[in-house]
Amino acid sequence: MRDEQDRKGTAVTGLKTMLAAAIAMSMLPVWHGTADAQEAGSFRSQQSYVQDYTTIDHAAGAVTAGTLVGTSTILESSGPPFVKGETSVARCVVFVRTMRNGVVEVESPCTHTDVTGDEYYLLARRREGDIAESGGGEGRAEIMGGTGKYAGISGECTYVARYLPANHADTSSKCTWQKP
């Protein structure tokens with residue numbers, strides 16, 4: 001009787017060991033994937049904003065300043081930390097100089113805050129087009145780091161801005177990024 005109990009105990013212990021080994025082996029791809037997190041990639045996004053601008057005449061043209069507040073949605077992505085379908089809140093401060101000859105200089109630092117509270121920072125610039133309703137133009141943005149999963153990230157984007165009726169604006173962006 002004692003030998004039979006020892007054999008059953010040994011068999012159960014062996015089964016537990018095999019099960020633990022199988023679980024550990026099945027987790028290797030997960031652990032390996034975490035260790036090899038993506039170091040660079042690309043994404044395409046769409047932003048939709050409400051603008052609150054004030055314009056004054058100044059020197060050789062006009063100066064406009066204000067905010068853009070809205071959302072940014074990732075439409076395509078090569079992988080984390082930018083995830084396809086994820087939407088963040090986008091807040092921008094905009095400074096625009098419009099010369100009398102029509103030349104425009106736009107500079108806009110933006111903070112994007114995702115659903116987890118992590119932020120990434122952009123600095124958008126353009127020197128073409130305008131900020132009039134039905135207007136807009138092409139520009140470039142620099143990705144300047146962030147918090148949480150975006151910490152240490154850098155990169156650049158190209159974008160197209162469009163100014164819409166009722167103080168709305170949108171942009172579409174294509175970005176590449178890397179981590180050091």
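**Disulfide pattern.** I took a disulfide to be a pair of cysteine sulfur atoms within 2.5 Å. The structure holds two of them. I recall that a disulfide is a covalent bond between the sulfur atoms of two cysteines.

**Basis of the entries.** I note that this is a predicted model, in which local features need pLDDT of at least 70 and side-chain atom pairs count only at pLDDT 80 or more, while totals for chains, interfaces and linings use all residues. Residues are numbered from 1 along each chain as its sequence is written, and side-chain values use heavy atoms, with hydrogens and water left out.

**Cys92 and Cys110.** I found Cys92 joined to Cys110 with an S to S distance of 2.1 Å. The torsion about their S-S bond is about 110 degrees, so this disulfide is right-handed. Cys92 belongs to strand S3 (residues 87-99) and Cys110 to strand S4 (residues 104-113), so the pair ties together parts that are 18 residues apart in sequence. Strands, I note, are DSSP runs of E with at least two residues, numbered from the N terminus. I checked accessibility as well: Cys92 and Cys110 are buried, that is, under 20% relative accessible area with a 1.4 Å probe, protein chains only.

**Cys157 and Cys175.** I then turned to the disulfide of Cys157 and Cys175, whose sulfur atoms lie 2.1 Å apart. The link of Cys157 and Cys175 is right-handed, with 110 degrees about the S-S bond. Because Cys157 lies in strand S7 (residues 154-164) and Cys175 in strand S8 (residues 168-178), the pair ties together parts that are 18 residues apart in sequence. Both Cys157 and Cys175 are buried.

**Strand arrangement.** I traced eight strands that close into a barrel in the order S1-S2-S3-S4-S5-S6-S7-S8, with antiparallel pairing; two strands pair if DSSP finds at least two bridges between them. Strand S1 (residues 40-58) and S8 run antiparallel and are joined by eleven bridges. Gly41 has Trp177 in S8 as its bridge partner.

**Confidence.** I looked up pLDDT, the predictor's confidence in each residue from 0 to 100. The protein averages 85, and 79% of the residues score at least 70. Over residues 11-36 pLDDT stays under 50, and the model has one contact beyond four places in sequence for them, a contact being heavy atoms within 4.5 Å. Where pLDDT is low, the predicted coordinates should not be read in detail.

Definitions and conventions. Helices (H or I, at least four residues) and strands (E, at least two) are DSSP runs, numbered from the N terminus. Buried means under 20% relative accessible area, exposed over 50%, partly exposed in between (1.4 Å probe, protein chains only).
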